[in-house]
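Me: I am new to this structure and would like to go through it in short questions. Please show it before we start.

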Amino acid sequence: MNQDKIKNVAELIRQADAVLVGAGSGMSSAAGYNHYHCNEMFKKYFKDFEQTYGIRNLFQGFYYVYSKPEQQWGFYSRYITFMETSPAGQPYRDLYECLKGKEYFILTTNCDIQIPKVFPENRICQFQGDFRYFQCSQPCHDQIYENYAMIQDMLDSMNDNQEIPSEKIPRCPKCGWKMVPWVQDNTFLQGEYWKTAYQQYKNFVDTYKNKKLLLLELGVGDMTPSVIKLPFWDMAYNFSDTFLVTVNLDAGSSPEHLNGKCLTINEDLLYFLQKLRGQIQ
Ligand SMILES: [Zn+2]
């Protein structure tokens with residue numbers, strides 16, 4: 001049954017003038033990088049943190065209330081280097097193969113550095129940031145900083161209690177306040193870099209809104225519907241030649257007002273994209 005739907009999606013991609021992808025956390029889960037559950041990957045790379053703090057998954061590790069910043073940065077440095085060094089997951093590589101040769105753009109809520117490993121920066125908008133960068137926590141100025149070297153330095157000096165030395169805690173070069181990963185929270189910096197990517201997304205929509213535009217929503221949950229889900233519904237409803245495909249592991253239903261302009265597929269994204277790639281190539 002889903003086989004027929006996947007064939008249908010391959011045909012929709014072939015016929016489209018352009019494809020706008022909305023990628024959510026389900027994509028990274030399908031790649032094996034699940035940030036919300038304890039899986040083999042977590043046990044392999046974060047066992048010591050589990051033993052010390054009782055952290056059961058990456059999400060808990062990120063939001064855990066550490067008693068000292070040296071401990072918090074111990075976790076951050078391990079977490080960020082894990083994301084930086086993990087290879088691009090199979091669903092992302094399959095998606096790339098499905099889209100290459102097409103006009104496409106990717107809007108994502110993921111910050112886990114998977115998408116920029118596969119897709120060029122001028123075709124992606126990471127709406128909620130990217131763990132490769134730090135920002136001032138105030139923020140006092142509009143700049144984000146590549147953190148790879150700082151993270152390596154922290155890891156090299158981490159002690160057996162998973163703490164880093166105080167002097168390695170990153171500080172804003174302008175005001176001296178602590179820096180934080182450039183990801184969505186209440187001081188998230190939507191500055192020049194963010195605005196440029198967001199404008200690229202808007203320009204893409206403007207270019208294709210009166211053409212045959214396919215919206216491909218992949219693994220988008222219900223946590224932040226205002227970023228992908230609701231705008232995609234609006235576009236599918238308002239643009240005359242736009243069609244929406246949503247693929248998710250959990251059972252979902254198409255909104256009624258999109259009758260005839262939407263296809264909902266309940267499927268594992270690893271399987272879906274592998275089969276889709278086979279159909280397209
Ligand atoms: Zn500052």
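**Zinc site and ring pairs**

Me: What spacing do the donors of the zinc ion follow along the chain?
Reply: This is a predicted model, in which local features need pLDDT of at least 70, side-chain atom pairs count only at pLDDT 80 or more, and totals for chains, interfaces and linings use all residues. Residues are numbered from 1 along each chain as its sequence is written, and side-chain values use heavy atoms, with hydrogens and water left out. Cys 136, Cys 140, Cys 172 and Cys 175 each coordinate the zinc ion through SG, at 2.3 Å (donors are N, O and S atoms within 2.8 Å of the metal, or 3.2 Å for Na, K and Ca). Along the chain the spacing of these donors is C-x3-C-x31-C-x2-C.

Me: Is Cys 172 buried or exposed?
Reply: Buried means under 20% relative accessible area, exposed over 50%, and partly exposed in between, with a 1.4 Å probe and protein chains only. Cys 175, at 30%, is partly exposed. Cys 172 has 4% relative accessibility, so Cys 172 is buried.

Me: How are the rings of Phe 49 and Tyr 53 arranged?
Reply: Rings of Phe, Tyr and Trp (its six-membered ring) pair if their centres lie within 6.5 Å; planes under 30 degrees apart count as stacked, over 60 as edge-to-face and the rest as tilted. The whole structure holds 34 aromatic pairs. The centres of Phe 49 and Tyr 53 are 6.1 Å apart and the planes are at 25 degrees, so this pair is stacked.
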